[in-house]
Amino acid sequence: MKIEHIHHVAYRCKDAKETVEWYTKNLNMDFILAIAEDKVPSTHEPDPYMHIFLDAGQGNVLAFFELPTKPEMGRDPNTPIWVQHIAFKVKDRETLLQFKENLEKNGIEVLGVTDHSIFHSIYFFDPNGHRIELACPDPAEEEMLKKLDAVKWDMLEEWSQTKRAPKHADWMHKKELSSD
């Protein structure tokens, strides 16, 4: 018994139409499905919603719910804003930079390119306040992933005992953090 893959990931949105238009314009995702009901199928609660689905590439689906009868959406005040995000892979650095340029041209503030060694990322927010990351692989990704794989269990064990960052892979962000 094993999970095959993620069927879809769903988030809340403020406005379904605005969300579809933003993702199709800025991330070139296709709008693939809309479902709307006055009752929630799983709980049978009377609660009208619009559920939209976007093609995030290679069978990955990003979905959103607009809930007009619920209080305005918020975020967890105890979790830093950089923690909860969704990351999408792009082909290469050239594509990453093209997305960055396009997003900035559309008035979206973009953070990065951030060097994570194994991949490189840009960060920005969608109109609902969800943090989005676009990441491209580093040319030496495969070699670095092998190094990380060799220490993952030791790192996890050390973290579980000390709650301090183990130094097994501190090489990853050495270049990015050297400017501090």
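These legends go with a set of close-up views of a predicted model.

Local features were kept at pLDDT of at least 70 and side-chain atom pairs at pLDDT 80 or more, while totals for chains, interfaces and linings use all residues. Residues are numbered from 1 along each chain as its sequence is written, and side-chain values use heavy atoms, with hydrogens and water left out.

**View 1. The chain splits into three stretches: domain 1 (8–66), domain 2 (86–137) and domain 3 (142–178).** The bounds come from an automatic or database domain assignment. Between the centres of domain 1 and domain 3, taken over C-alpha atoms, there are 36 Å.

**View 2. Here is the largest nonpolar core, with 24 residues.** A core here is a set of buried (under 20% relative accessible area) Ala, Val, Leu, Ile, Met, Phe, Trp, Tyr and Cys residues joined through side-chain atoms within 4.5 Å. Tyr 23, Leu 27, Ile 122, Phe 124 and Leu 134 touch the most other members. At least two residues each come from α1 (16–26), β3 (46–55), β4, β5, α2 (93–105), β7 (119–125) and β8 (131–137); helices (H or I, at least four residues) and strands (E, at least two) are DSSP runs, numbered from the N terminus. With four residues, α1 gives the largest share.

**View 3. Zooming in on Leu 134 shows what it touches.** Leaving out residues up to four places away in sequence, its contacts (heavy atoms within 4.5 Å) include Leu 27, Phe 88, Leu 96, Phe 99, His 120 and Phe 124. Another core, of five residues, lies apart from the largest one, and Ile 118, Met 144, Ala 169 and Met 172 are among its members.

**View 4. Ile 81, Trp 82, Val 83 and Phe 125 make a nonpolar surface patch of about 390 Å².** Patch residues have over 30% relative accessible area and no salt bridge, with nonpolar side chains (Val, Leu, Ile, Met, Phe, Trp, Tyr) joined within 5 Å and like charges within 9 Å. A salt bridge means a side-chain nitrogen of Lys or Arg within 4 Å of a carboxyl oxygen of Asp or Glu. Areas are Shrake-Rupley values with a 1.4 Å probe, and for residues only the protein chains shown count as cover.

**View 5. Asn 28 has a positive phi of about 55 degrees, though it isn't a glycine.** Most residues other than glycine have a negative phi. Asn 28 is in the loop between α1 and β2 (30–39), and is exposed (over 50%) at 57% relative accessible area.

Key: Buried < 20%, exposed > 50% of the residue type's maximum accessible area, 1.4 Å probe, protein only.
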